[in-house]
Amino acid sequence: MKPQNKLFTGLLTLIFLLPGYNGFSQAAQKGDLGITVSYFISNNMIPSLMVKVKTKVDGKFKNVEGISLKLFLDKDTAGKFIAKVVTNDAGEATTYIPSSLKSQWGKTLKHTFVATFDGNNKYEAAKGDVTIAKAKILIDAGSDKTVTATVFEMKDTTWVPVKGVDVVLAVKRMNADLPINDKPTFTTDSTGKASGDFKRDSIPGDAKGNIVLVAKVLDNDQYGNLSIEKTVPWGAKFAMLNTFDKRTLFATRDKAPVWLQLIAYSIMFAVWGILVYLVFNVFKIKKLGEDKIS
Amino acid sequence: MENLVIKKEITNGQLPADAISLANEKIISDLLPQKFGKAGKVWVGVLSAICLIGLYAYYRQLRYGLIVTSMRDYVSWGIYISNFVFFVAISLVGSLITAVFRLAGVKWGSPLTRIAEIIAVAAIIFASLIIIVDMGSPERFYNLFIYGRIQSPIIWDVIVITTYFFISILLLYYPLLPDIQILLRFKEGTGKRLYRFYSFIGSFWKGTAEQFELSEKAINILCIAIIPVAFTIHTVTSWLFATTYRPGWDSTNFGAYFIAGAFLVGAGAVVVAMFVFRKAYHLEKYITEDHFEKMGRILVLLSLLYLYFNMNEFLTPFFKMKESEASYLNGLFSGDFAPLFWFAILTGMIVPTLILLFKKGRKPLPVFVAGVMVVVGAWFKRYLIVTPTLLHPFLPMHDVPASYRHYFPSWEEWAITLGSLAGAMLIITILARIFPIIPIQETITEQHETAE
């Protein structure tokens, strides 16, 4: 091979090898996180926060697990620290607002909740926040089976009714809430009230027929998530059938069904009766043999 | 004339030593249990060594707990329960060869009855033992009696296995009585201890007509009783799975599917044992090529029957491919378990059928090869019934460690399993050393009946 050909071959090899060498490649790019903060207050008691963390992978959003976030009230400074949380497999983390921030909470009518992520070897640092105005919701159940929710906002030092807020009126069930009638949401009027007729008469309640009504404001831009519950005796009485003390196939052995015991023990006695007879038969044969000797 | 006299004496149970004809002496000398030769000693040594390794592995399991196995929360029934189902299946052969043949008037099967019964007893002993091994702490077996619920198929299985064990012992014992009388006549050839053992279990047998009558009656009763018990033992074993809501087990076909498989593997084991004993003890005159020809036909029938049940068991779920069962089925047909699954189907059913369909394939050696394939295929089939299902629960657990999602038996599990298989073979070997592998009295009687 001519020297120039050798040089050419060498260079070509180097060109092909270089892209494969990690030392020349760029550092892996870190992913970006999207942080959403939601505010919740249930039965006008202690407010809570839920943070959801997502990232985009191949054009699709994916929940990110194991992200450690710091939550702050109004500003991300040490004195306004709410909690440190870590996201679960659904990319979510929740916390209550601690009582240590009570004075800070009472100072203003609007608050911003800030969630910060400091970044790690996979994701860039990120931040998310939500601002809400203090609000509350009340629920009332009339004797004519009308459910009324009233939404108030704190203005200065008084609670003022709010108009035009969408409210869900529903009955709490095991897995999800069932609207009280076919209408999915009700809007508050100038008195802050939203009413609907309860049309779920045959719904099973507890032993006394109690069901739990719920009024909810969901993902409202100004007020976040508000909900309130009220127990009413509008359901059908439901007596839980407990078969624990009954004779069943899944009960303890002293409560086996009688028919099963009869069948099983009859078969066992019949078969083992035959076996015992056949063992005695051996002794009979033995006796015949001994008689023959004597 | 001499033969007729002897026959009369035999059938009357009067078999004085001086009246034994040359023909009878030949039969007796051919069929008397023989001491182990060099090969026999090596065979026993190898089996004992495997058993000892199994025992050491079991000691480790007792010492450190079931953590030494690869069984976890997903696969809680692993190779032990597969092996248990295999033993239960193989034990069913006692009822097939002894009872079904006898009641159906199949005379040619009588030289095979003792082999079948010995296999049945050995298999049922190890089926019981392997369950105790699977429990981890053996004292838990006691809890079955203290807390066992009559509603549970597990308790039904315990009851039925115990019943089947006793029936099998009786069915081995009763036809042995006339042979023990013959064995006692050959004190010189028998060791002292063995002679004492024979005396203990059968010296009272004098071969009187009354004794024969009682014995025949008992054998008939046992033959009738063992069939429903045998069907029950395997049906109940199948219910251990079928009453559990799991992919692959949730089937109404399971009872019949298990029984068909059990008859097949049992018949396979008998032809293997027939071939080995025939070679080892030179029994060509008693276990003839005709026996292989007929057992070959039976094996084909049973293979096809089991294949039919397998198609029933897999084709309909495959056709529907329900989402909840898809990963289990795909795992079997084309996934991780596919090589094992197709190996079990081909080796356990299709190839033996192809061999045995032809007359040349029903000669002793090909029948033996087919029998080995059936038995090996059957063992893996039991593994496939148990393990893949457990790896694919309808409701998977959250955040389980990766080790839960895969199962490959640990060395301790392999050692215990192989030890139990060796143990069963050791029992068969020892019983064949102690007792005539072919019933002597029955053979003499049949020879005279044929001569007549």
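Predicted model: local features only at pLDDT ≥ 70, side-chain atom pairs only at ≥ 80, totals over all residues.

Biologist: Which residues is Ile132(B) in contact with, leaving aside its neighbours within four places in sequence?

Modeller: Those are Tyr58(B), Pro138(B) and Phe141(B). Contact means heavy atoms within 4.5 Å, so each of the three has to meet that cut-off with Ile132(B).

Biologist: Over in chain A, what makes Asp118(A) and Lys70(A) a salt bridge?

Modeller: The closest N and O atoms of the pair are 3.3 Å apart. The rule asks for a Lys or Arg side-chain nitrogen within 4 Å of an Asp or Glu carboxyl oxygen, so this pair qualifies. The structure holds 15 salt bridges over all chains.

Biologist: Why do you say that Asp118(A) and Lys70(A) tie together parts that are apart in sequence?

Modeller: Because Asp118(A) lies in the loop between β7 and β8 of chain A while Lys70(A) is in strand β4, the pair links parts 48 residues apart in sequence.

Biologist: How do you know that β4 and β7 of chain A pair?

Modeller: Strand β4 (residues 68–73) and strand β7 (residues 110–117) share 4 bridges in the antiparallel sense. Pairing needs at least two bridges, so they pass. Leu73(A), for instance, stands opposite Phe113(A) in β7(A).

Biologist: What is the order of strands in that open sheet?

Modeller: It runs β5-β4-β7-β8 in chain A, 4 strands with antiparallel pairing.

Biologist: And why are β5 and β8 said to stand at the edges?

Modeller: β5 (81–86) and β8 (126–133) each have a single partner strand, so one side of each is left without a neighbour in the sheet. Neighbouring strands are turned by 20 degrees against each other on average, direction ignored.

Biologist: Now the interface: how many residues of chain A and chain B are in contact?

Modeller: 30 residues of chain A touch 30 of chain B. The two chains bury about 2,400 Å² between them, 74% of it on carbon and sulfur atoms. Arg253(A), Leu278(A) and Ile285(A) supply 25% of what chain A buries there, more than any other three residues. Chain A's side divides into 20 nonpolar, 5 polar and 5 charged residues.

Biologist: How many salt bridges and polar contacts cross it?

Modeller: The rule finds 0 salt bridges between chain A and chain B, but 15 residue pairs in polar contact, both residues at pLDDT 80 or more.

Key:
Residues numbered from 1 in each chain as written. Chains lettered and ligands numbered in written order. Heavy atoms only, no water. Buried area = accessible area lost by both parts, 1.4 Å probe. Polar contact = N/O pair within 3.5 Å; in protein donor to acceptor, adjacent residues only side chain to side chain. Nonpolar A, V, L, I, M, F, W, Y, C, P; charged D, E, K, R; others polar. Axes fitted to C-alpha atoms, helices over the stretch in contact; angles between N-to-C directions.
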